[in-house]
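Hi,

Here is the structure I promised to pass on. Have a look, and my notes follow below.

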Amino acid sequence: MNDKAFSQHTPMMQQYLRIKAEYPDTLVLYRMGDFYELFFDDAIKAAKLLDITLTTRGQSAGTPIKMAGVPFHSIEQYLAKLVKAGESAAICEQVGEVTNKGPVERAVVRVITPGTLTDSALLPDARDVLIVAVHVQGNRVGLASLSLSGGRFRITEASLSQFNAELERLQPAELLLADGAALSASGIATRRIADWQFDFDSATNLLSKQFGTSDLKGFGCEDLPLAVAAAGALLQYVQQTQRGALPHITGLAVERNDDFIRMDAATRRNLEISETINRDASPTLFSLLNSTATSMGARLLRDWLHHPLRNRNAIQERLHASQCLTPLAAEIHAVLGNWSDIERIVTRIALRTARPRDLSALRDALGTAPALAQLISTIETPALARLSGHFRPESRIHTGLSAAIKDEPATLIRDGGVIRDEFDAELDELRGMQNNASEFLLDLEKRERERTGIANLRVEYNRVHGFYIEITQGQLDKVPDDYRRRQTLKNAERFITPELKVFEDKALSAGERSLAREKFLYEQLLDQLLPHVSQLHALARAAAELDVLCANALNAKRFNLSVPVFVDEDRIAIQGGRHLVVESQVESFIANDCDLSRSRQLLLITGPNMGGKSTYMRQVAQIALLAHTGSLVPAAHVEIGCIDQIMTRIGASDDLAGGRSTFMVEMTEAAAILNNATMNSLVLIDEIGRGTSTFDGLALAYSIARQLAEVTRCYSLFATHYFELTHLNAELPNLANVHLDAVEMKDKIVFLHKLESGPANKSYGLQVAQLAGVPKSVVRAARKHLEKLETTAAPVSAQGGLFDQPAITPEAAPHPALDALDDLRPDELSPREALEKLYQLKQMRDLNR
């Protein structure tokens, strides 16, 4: 907009347009009195997203002003809707005093984006809201993730092919990409920023300044330049949105590829760790095991489930602590159950957005922290010894909060009623003026009656004239000299005295001054808490960890879990294993064993549909996953060797948005397994080859099974309906056939769900179809057609074995063309002679058809 066009707008719209120009891609909520208003295109967009009224009022520069507004006192619910829709909002407040020289000064005080939420009303309790920045260079990506509400700042690097797997692991609410990055992510609010913001040197300087260090060597990230560049871009973006310092962000945590059991995006979905395949929150492993007492603990449990460890010392430390906590877990949970989410409260203190009830909740938690320290100090384990020290923060923090904050403070500081009585003499005096005005006036009235001898003298107040002393016309001769006339009435005069004037000045401004004083004291209290933010965050994280360890201890009894044993041998041995989620949904669950070793690396699982093959495979993977999170496991006994990753190819789904068919998705996941699995990987493949022709699918399943058993030599569970594959164990000694059986009773089928040795002999597909409600006429027709197929098929197998030995047939006479081909010497022929021979061969074929 040129200067001439801009000058034609009203002063207020000029102010708005200047602010909007700084946030062109963000909805600007412009404070006007008791409303936040949106104008022009922002108003149109917000009206649709928030379902609010769009109006047109007046004009500016000859253009009607489109407006939409929301009340300031209910802004959180509207912000929640915007964030859910992936939008960002700039909150523009009045920051200046009202004058006669134009509009009140306004400025953006914070920017709300999907990944930078800190307000409790906008945050989900049981999961972290992450913002992730990604920097790409060649076939490598650097990732930086930040939980602003929790103060956790992490970086890692990975190959470009692992980008989607990393996004599935982190599940960010917002993604930052450079303008030139050829990456995208569906379903995630994505913001493009300038390429120069990913400069490594600038990032190093910015991060060092934030952490108060001379360089980043102490964080062990010297070999992660892409991740450091991403972290710098992320920090700069968050600083801009928060419009202030981030004192709770004090360091970087480096995540290495071999720190955790790796799981790709498909595996995380298939194992239903924290979301079902349909993206529901339950029933999942997390929803079942989440018996934590606090929101902090729930988020940490979720994080542990998505980040199973490979460091056995750390795993054993968690297991030992959970076992030792068993007698005290319920008592500790009873204490923690009264704690609020102090991790997020401390963050809001650091950002100076904490509300009064945040501070009272922190005070109450600090009051019980020493008791928790005393409880766990009686147990001698490395993990609990480490945690115990964090439950003893400086006593002056609790003392200061107890002295300053009322037991039940008001929700907002602007409402007053937050600071405790007798904490500040000036505040007490101001409150006294508000609360004791009537008392003072009665006392003054009594004294003035005695001094003047006017029995009907009255001290009163009205909004127009303020406080006054009223004397009737007949008593005016008794008025003292220090009375000053304020108003003349028909039958009386109203006066004021110096004493009453002083009181009036104090009383009329006492309310405003009281609120201002209370706000000053509150801000002062936040200032005093800032130096303790790191200490308080350590307390919050210790409480979260203790919460999860206690939850693990309680879950062990609730679900009959056992302690996994980690061995140096290459094996996975499970006795009486169970699938926790499925078990919770059925009346009775059949436990099954699993034995994988170098001599028995691939279990080829056959059996009927609905027989439990997928459940069996998933339960093995879930037991391995839980063991590496430091949790006890659903089995009678478990021994686990070295595992580096869990990979799955389960289920059937297409990718319409990505233009991939069901079979293409299946083959892509299979390719990822074949290209990335190692001999220490646990691989689950369920019915590979279903999405194409029978022979193509069978051939692919055959080749993939051989590759896993012969070349990759990983731990594999391979479920199939191709019975021809069961003959592979004659060629591959490390392949074993197992099956989940069923029995027919008249026209019904009963699934036994028990794993047995050897291959199954039938799929029971028609019986399952009948169970599913397929019309009986269709099932009868299918049965007749199946009988025909079995009659005409080769006698060796009812399904016609592609890899079976062919039946012996009488030897046919050789074809003349084949004899001629045998006599040919291609290298001795000229091109012309070769062409002539080709015509001769074609003629022989035609004559001998």
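Before the notes, one convention: Ala, Val, Leu, Ile, Met, Phe, Trp, Tyr, Cys and Pro count as nonpolar, Asp, Glu, Lys and Arg as charged, and the others, Gly among them, as polar. With that sorting, the lining of the largest cavity comes out as four nonpolar, five polar and eight charged residues. Do keep in mind that this is a predicted model.

On the cavities in general: four of 30 Å³ or more turn up in the structure. The largest has a volume of about 250 Å³. There are 17 residues lining the largest cavity, and Asp128, Leu130, Leu170, Asp303 and His307 are the closest to its centre. Two or more lining residues come from each of β8 (140-147), β9 (152-159), α5 (163-170) and α10 (295-306). Of these, α10 gives the largest share, with four residues.

The second largest cavity holds about 70 Å³ of space. Its lining includes Glu168, Gln171, Arg268, Arg269 and His306, along with the run from Ser274 through Glu275 and Thr276 to Ile277. By the convention above, the lining of the second largest cavity splits into two nonpolar, four polar and five charged residues.

Now for a helix. α14 (residues 356-376) has 21 residues and spans 31 Å from first C-alpha to last, close to the 30 Å expected at 1.5 Å a residue. Where does α14 kink? At Thr368, shortly before the proline Pro370, and the angle there is about 30°.

Cheers

Conventions:
Residues are numbered from 1 along each chain as its sequence is written. This is a predicted model: local features need pLDDT of at least 70, side-chain atom pairs count only at pLDDT 80 or more; totals for chains, interfaces and linings use all residues. Side-chain values use heavy atoms; hydrogens and water are left out. The expected span of a helix is 1.5 Å times one less than its number of residues. The bend at a residue is the angle between axes fitted to the seven residues ending there and the seven starting there. On a 1 Å grid over the protein atoms alone, a cavity is a set of points where a 1.4 Å probe fits but cannot get out, and a pocket is an open set with protein on both sides within 12 Å along at least five of seven lines; lining residues have an atom within 4 Å of a point. Grid points are joined across faces, edges and corners, and a volume is the space filled by probe spheres set on the points.
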